[in-house]
Amino acid sequence: MRGTVCYIAPEYGGGGLISEKCDVYSFGVLLLVVVSGRRPLQVTASPMSEFERANLISWARQLACNGKLLDLVDTSVHSLDKDQALLCITIGLLCLQKSPSKRPTLKEIVGMLSGEAEPPHLPFEFSPSPPSNFPFKSRRKAR
């Protein structure tokens with residue numbers, strides 16, 4: 001487990017059921033790492049804004065709740081397809097859901113990435129409260 005801090009699913013260390021959903025969680029972290037171009041835990045400066053961004057997973061969840069997912073994307077990538085980046089970030093967040101039963105299977109992930117399955121919806125726990133400019137619809141039901 002050495003060197004895998006932040007890649008390990010919460011249930012792994014908490015005595016929960018170990019399953020392939022732990023691997024799905026790790027894959028979600030990997031997707032966010034690739035899209036953002038940074039490590040899952042990285043403190044680069046002392047200002048509070050940088051400190052808040054130190055934990056990539058928390059930062060991604062916060063951006064999702066604020067409807068600002070594209071802020072996660074590595075700014076040094078110039079030939080970026082924003083729809084593909086949003087797809088990867090959304091799949092990453094699906095994989096990072098706290099409840100393992102809510103995480104997609106690896107087969108579902110491959111289908112979403114290949115375009116064979118419908119694009120994913122932003123998980124309810126990360127959906128912004130007010131409507132955002134995010135192109136995918138949230139699972140939140142209208143009242």
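**Figure 1. Side-chain contact between Asp74 and Ser76.** In this predicted model, the side chains of Asp74 and Ser76 are joined by a polar contact of 2.9 Å. Asp74 belongs to the loop that lies between helices H4 and H5. When neighbours within four places in sequence are left aside, the residues in contact with Asp74 are Val35, Ser36 and Gly37.

**Figure 2. The N-terminal end of helix H5.** Asp81 caps this end of H5. A side-chain oxygen of Asp81 lies 3.0 Å from the backbone nitrogen of Asp83.

**Figure 3. Length and burial of helix H5.** Helix H5 comprises residues 82–95. At 1.5 Å a residue, its 14 residues should span 20 Å, and this agrees with the end C-alpha atoms, which are 20 Å apart. H5 is mostly covered, with eleven of its 14 residues buried. Among the buried residues are Ala85, Cys88, Thr90, Gly92 and Cys95. The elements that cover the buried residues of H5 include H2, H4 and helix H6 (106–114).

**Figure 4. The crossing of helices H2 and H4.** The axes of helix H2 (residues 20–36) and helix H4 (residues 56–65) come within 10 Å and cross at roughly 80 degrees. Angles of 65 to 115 degrees count as roughly perpendicular, and H2 is therefore roughly perpendicular to H4. On the H2 side, the contact is made by Tyr25, Val29, Leu32, Val33 and Ser36; on the H4 side, it is made by Leu56, Ile57, Ala60 and Arg61. By class, the contact of H2 with H4 has seven nonpolar residues, one polar residue and one charged residue.

Notes: Residues are numbered from 1 along each chain as its sequence is written. This is a predicted model: local features need pLDDT of at least 70, side-chain atom pairs count only at pLDDT 80 or more; totals for chains, interfaces and linings use all residues. Side-chain values use heavy atoms; hydrogens and water are left out. Axes are lines fitted to C-alpha atoms, for helices over the stretch in contact, and angles run from 0 to 180 degrees between N-to-C directions. Helices (H or I, at least four residues) and strands (E, at least two) are DSSP runs, numbered from the N terminus. Angles under 35 degrees count as roughly parallel, over 145 as roughly antiparallel, 65 to 115 as roughly perpendicular and the rest as oblique. Contact means heavy atoms within 4.5 Å. Ala, Val, Leu, Ile, Met, Phe, Trp, Tyr, Cys and Pro count as nonpolar, Asp, Glu, Lys and Arg as charged, and the others, Gly among them, as polar. The expected span of a helix is 1.5 Å times one less than its number of residues. Buried means under 20% relative accessible area, exposed over 50%, partly exposed in between (1.4 Å probe, protein chains only). A polar contact is a pair of N or O atoms within 3.5 Å; within protein, one must be able to donate a hydrogen and the other to accept it, and residues adjacent in sequence count only if both atoms are side-chain atoms.
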